[in-house]
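Let's take a friendly walk through this protein, beginning with the part that sits inside. Have the sequence and the model to hand as you read.

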Amino acid sequence: MILLSRRSLLAIAAVVDIALHARPLPVAAKQLAARHALPPRHLETLLQALVRAGILKGVRGPRGGYELARERRRITAGDIVRAAMQDGGEDTLGPMPHSPLIDEVIAPEIETASAAFLSSLEGVTVEELCRRALRQAQMGGTESHPDFTI
């Protein structure tokens, strides 16, 4: 069972994909969407949230797209999930219900579990995920360009 939202999972996949494919040119949202079988408009708001969080950098122009805003080893899955969650996107259920059961019993336990989950994700870097992807050849179709950033 995956505990991440679809949006968070897609955010991690997008950042790792960009880390693998952004050399020498930035990755266009259209290319990224094609590799993940999504319409580009589904990714744009998510990519912009990652730019606002300082995880990605948007490059304008005909050869523009997205690239990492900092080194792969300095971006954790926790950073990415927090950025994806902060921007919302999936909240179509309306406001959170309030009751003594939720406020005093369930919510504190869920918050503790969420903090432990995010803490665990802090130990997973984009660098590690890129290495796993390269080892397992899960990049799909296009060749990657090594990142020589020190």
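The largest nonpolar core has 35 residues, and those with the most contacts inside it are Ile18, Leu47, Leu50, Leu56 and Ile80. A nonpolar core here is a set of buried Ala, Val, Leu, Ile, Met, Phe, Trp, Tyr and Cys residues joined through side-chain atoms within 4.5 Å. Buried means under 20% relative accessible area, exposed means over 50%, and partly exposed is in between (1.4 Å probe, protein chains only).

In soluble globular proteins, nonpolar side chains tend to be buried together.

Before going on, please note that this is a predicted model: local features need pLDDT of at least 70, side-chain atom pairs count only at pLDDT 80 or more, and totals for chains, interfaces and linings use all residues. Residues are numbered from 1 along each chain as its sequence is written, and side-chain values use heavy atoms, with hydrogens and water left out.

What does Ile80 touch, leaving aside its neighbours within four places in sequence? Ile80 is in contact (heavy atoms within 4.5 Å) with Ala11, Ile12, Val15, Leu50, Ile55, Ile75 and Val126.

Now for the overall layout. The protein chain has 6 helices and 2 strands, running α-α-α-β-β-α-α-α from the N terminus. Helices (H or I, at least four residues) and strands (E, at least two) are DSSP runs, numbered from the N terminus. Of the 150 residues in the protein chain, 33% are buried.

The two strands are worth a look. Strand 1 (residues 56–59) pairs with strand 2 in the antiparallel sense over 4 bridges; pairing requires that DSSP finds at least two bridges between two strands. Lys57 has Glu67 in strand 2 as its bridge partner. The strands form a hairpin with 5 residues between them, and Gly61 in the turn has a positive phi of about 110 degrees.

Two loops also deserve a visit. Arg23 and Pro24 are joined by a cis peptide bond, with omega about 0 degrees, and Pro24 lies in the loop between helix 1 and helix 2. Ala37, in the loop between helix 2 and helix 3, has a positive phi of about 55 degrees although it is not a glycine. Ala37 is exposed, with a relative accessible area of 69%.
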